[in-house]
Structures are given as C-alpha cells and as structure tokens.
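Me: I'd like to learn how to read salt bridges in a model. Could you walk me through it with this one?

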Amino acid sequence: MCGIAGWVRREGGPVTEDPGLAKRMAHTMACRGPDGQGVRVAGPATLIQTRLAVIDVPGGIQPMAAPPPGASEDADPAVLTYNGEVYNFPQLRSELTGRGHRFRTRCDTEVVLRAYLEWGEACVEHLEGMFAFALWDPRRRTLFLARDRFGIKPLYYAATAEGLVFGSEPKTLLAHPAVRPAVDLDGLRVLFSMARAPGESVYRDIRDLPPGHTLTYRPDGGLSVRRYWRLEAHPHEDDLDTTVRTVRELLESSVTRELVADVPLSVLLSGGLDSSAVAALAARARRLSGGEPIRTTTVTYSGYSDDFRPDLVRSAPDAPYARAVAEHIGADHLEVELTTADLIDPAARRSVLRAQDVPAPFGDMDTSTYRAFAGVSRHSKVALTGESADEIFGGYSWVHIPDLAEENHFPWVAFEQWHPGTRDGLGQGLLSPAFAARLDMPAYYAERYSQAMADIPRLPGEPPEARRAREICHLHLTHWLPRLLERNDRLSMISGLEVRVPFCDHRLVQYAYDIPWKLKTFDGREKSLLRAAVADLLPEQVLERPKAPFPVSQDATYTKALHAEFAEVLADPSSPVLPLLDLGKARAVVGPEGQATAQDWLHRMNIEMALQVNTWLTEHGENVDL
C-alpha cells in the first residue's frame, strides 16, 4: 500500500517553479510509504509515490514507466503511480503476456500499467481489487486517474488555475501552493454529515473522486469524470441452499486471494461473525496450502472484560469470543491491550485528527483503532478485516427496527435522532441554535437522500419490503460504508499498515445485493445467510452472538479526563470553537447535572467532536468560514 500524488501543468497557465514541492508533497504521505519514495517528471506531469512494499519488494519501485507496445525503448513512456492491490493480477499477467507484453517484475503495479497500455481507459473494468492510481499517457497527452469500485483506496483532486493536482489525502494536495485549505458553509455541512454524497469534500477546492469512477485531464484544461461501474438490479433465482453455497464460495475465493503477500499478514479479529468468518476462511486456506497458521489480533481495554456493562448495542466484550475463535481455528493469536492513558494521550488524539485531516465524533473508537493498527504493524504489514459485511447482509440494528427502516431518511441518521444522546445529530448536541440553523442539516440530509434514492437500481414490481431492503443496502454501500473505509485507510496507513476488505469483493457484493430480504433473514436474525455460509467453521457461541460494534471505553477515568479537557476549553475565551457552541449546555455537560449521562458513549461524542473541532480550528481556523 502506498501514497500517490502529483500534478499536471495547464498549457498557458501560471506555473509554480518550486524544486522542493514534490518532496514536500511526498513528506505528507511518508507514513503511507515507509519503504521508499519516488518522483518522475513526464512532460507537463509530475508523479510522486511513497511505497509500502507488499508484493515483489525489490521489483515494484515507482513511479513505473513503460513504452507503448511496439514502440522503441527510447519513446516517451507511460508513467504510473499506483496505490492498492489488484487481486486478479496473475490472471491478467498471463492474458497480457499472451497479447505480447513482456514483464520485468512480479508485481501488480506493472500489470496495471500494461493493462492500460493494452486496453486504455477500459483497463479499470479488468481490475479486481482495491486501487487508486494516476497515469500520464504521452500518446494522448492526458492524465488518467482511477479509483476502485467501492473507494477502498482514497483519491482526491483539485482543478486550479495552474492545472490539476491530485493525491491520496487532502493534506497532500494542501501542500501544493495552488490549493487552499478553505472551508465554507457547504464544507461544514459535509464535516458534520454522517451521509455525505460521493465526491463531496470538506475543503472547498478539493474533490473526492467517487468510487467506481475515472477522471481524464488534458493540459488544455479539459476534464471529464466517467463512471465505469455501478451495482445493478437482477432477479435472484437461486434457492436457499444454492444461495448459501454461493455466498460461501464467493467469500472463500475473496479471502484466499487476499492472502497473497510477500510480507507478514494478520487478520483483525473481534470475535464477531464478520471478522471470525474471514479469520476462519483464512486459516482454512493456509492449512490447504501448507502454510503457517494464520495470525489474528484483537484489541481490548485493560479490565474491560472484568467490569463490562452492556449498553444499547453491545451485550458482551469481544476478547473472550476472539480467543474462542482463535483456539478453534488454530490461529497464532495476539491481544493488543489498551489503557485509559493510551486513549486520552493528547499526542495520540492529535495524530488521529491529523491522519483524518478533519474532525470526527468517534473519539476513543478512533484512538483505539489507531492504537490497534499500530500494534498490528509491529508484526505485520497487511491485515484483513470483516468490514462491509453489515452493509451487504443487513447487520445493523436500525435495519431491523421497522419505524427507522421505513422512515424517509438514511436509516442510521434516523437511528441517531431516535437516541437522546444524538438527537441533534452525531457529535452535534452542543452546537448553538444559531449555528445549527445556519448549517440546516435537515435540509442537507433531505437533498442528499433524494439524490441517493434517485440513483438506486431497482427491479420493477418488487414487493415493498424487498424494495426497501434493496434501497437500504444501496444507501449503506454508497453513503455509509465510504466513511468507514476512509477511516480504516487513514488510521492504518499512519502506521504503515495495509488493510484489506474481503467482503468488498464486487462479485460478492453484486450477488448479495440481489438476494431478497426474506432469504437474507431466513431464520429471523440479522445476517442469517452469512451465519449459514460459515456454520461449519466457527464455534457455536460465535455463530449465535448478536451484532456488536467496535468497543468503547467504559472507564470513568476516561470520561473524567475528557470533561476536564473540555472544561479548560470552555474556560479559555480564545478557544476558537466557542462561537459554535451553546455555552450554557456545554457547561452543564461538564457540571454536576451532566454526570447522569457522562458515561453514555453517544452523549460523550458531543464532547469528542467539540474538542476535535477546537483543535482543528486552532490549526486551520483562518481558512474556515464560520
């Protein structure tokens, strides 16, 4: 996994002559590529790469160049900077070899480069995996950007007076003098949104290339964005047994090919159904290939299992279930135990904010994820996760609450508004009425929901329940999952760890998208199909375990430290977040009357978000239009 960046100069436009610019942009992505950096100038284009070597460690140096087929060796080459893993690269390599291409390396980077030389912009339709790349084509004099079908790997761009700037993260683009870190009211709506539209960015001048899209830019200023893949609606004609078997085969295929790496690999195991399924299938694939036992890693908090208290969505701690799975599948198991000091550490919290570029309300969940990834990176360079199973198999609790699922809204936003701690929106409970009115999040959500619903492929004549289930699945995949994938990418790459997502195999997702709701919940529980597909691989207590999200700290010391930090912010008249807050409500939260809800993690998110916004405004406030 890597970081990519660069720019193309526009013909006739102003030109920034700064020999150190490429180096500074690369520096912002140093954590994404601890194994090397490269810069290549090709005509008006400059391509930058920071590399985390996973496949063909000595051979996959980037940016990579190759002349067009049939051209002489001294012809201007196509140049590629690439981030990701294309899992079908061995098959593509064989096909391209048969078409006359000669390979110099064993890595998938060269396969992507030669796939473009063979098929042009249609190459993306041949690639299966997670990827984001930029390629300068000297024949057409175009820069070609592409992103995988679900946006597992990030890619941002900015069209400027000087040309086009691109990179893996906003901070990389902001290192270029032509891109300003300006945030207007629309950007603040995106910041506080839990359902941002594909392509939206907090920063005014930066766009997020949507998943399943490509971008072509010409130095004369021509820019076009094309959608190359989308989910489609098909009738599902398989019976239950065939459906269960097909889900198993597709998931097993995805896990097996995502185990390919020339570096140590681990599975992030929570003891829930999703990650346990991935771990069990990975262990089975390793046994069948004669490889070493799979390594699994679980994050837990010091004393968490002993003092655990059930909450709205968590009925039991993860660690005992994860141990049971690891023992059952014969894994080499490691637990990363975090203390409250680890979670409240100012340096760690600031690292999380800087990794994600903008504030988020998830607080200790983000910090613990960052710490967990850092723990895994000490022994592995690659980690598989169970992310996105809930989106495709209907695992979230709000899907199973009819009043929420049937509401004319994003169901998870409806869930937020149903709970007292997030009734004003996740992390928005302390905003002043005046600022909340300016944001007008209800109008923002209504517009985004209308746009999202218009984009959903449906089958004519579907029964209402099946139709709504299809809609919710699509909403999750396009407006909820991207945020989780981006979060995982940023919080893993800050430690130089590549995270893979087997459930995001587009073949599996397309098949699951067409499965009727009555089959997905054939025994009346969430994710019935997935349970049935891996029933022979997991211990009974894990198969019967209900859905549980990532753990949160239940240590009162954490909340006390959070309140103390927030009280300091409120007491400082120069704190930039104060104009955004309802100060009476904010002071009550850290006072005696706020203790009744102090330990509730959803209430706590209001403080977490206020603190992050304060830090962010301290660093970027002069560019934020409040």
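Reply: Happy to! A salt bridge here is a side-chain nitrogen of Lys or Arg within 4 Å of a carboxyl oxygen of Asp or Glu. Keep in mind that this is a predicted model.

Me: How many salt bridges does that rule give?

Reply: The count comes to 54 salt bridges. Let's start with one of them: D536 pairs with R248, and their closest N and O atoms are 2.7 Å apart. This pair links distant parts of the chain, 288 residues apart: R248 sits in helix α6 (residues 240-257), while D536 is in the loop between α20 (528-533) and α21 (540-543).

Me: Which residue does R458 bridge to, and where do the two lie?

Reply: R458 bridges to E471, with the closest N and O atoms 3.0 Å apart. R458 is in the loop between α16 (441-454) and α17 (464-493), and E471 is in helix α17, 13 residues apart. E471 counts as buried at 7% relative accessibility; R458 is partly exposed at 25%.

Me: What about a bridge between two loops?

Reply: Look at E544 and R525, whose closest N and O atoms are 2.8 Å apart. E544 lies in the loop between α21 and α22 (556-571) and R525 in the loop between α19 (517-520) and α20, so the pair ties together parts 19 residues apart in sequence. Both are partly exposed, E544 at 43% and R525 at 27%.

Me: Which residues are joined into one network?

Reply: Salt bridges that share partners join residues including R32, R147, D357 and E486.

Notes. Residues are numbered from 1 along each chain as its sequence is written. This is a predicted model: local features need pLDDT of at least 70, side-chain atom pairs count only at pLDDT 80 or more; totals for chains, interfaces and linings use all residues. Side-chain values use heavy atoms; hydrogens and water are left out. Helices (H or I, at least four residues) and strands (E, at least two) are DSSP runs, numbered from the N terminus. Buried means under 20% relative accessible area, exposed over 50%, partly exposed in between (1.4 Å probe, protein chains only).
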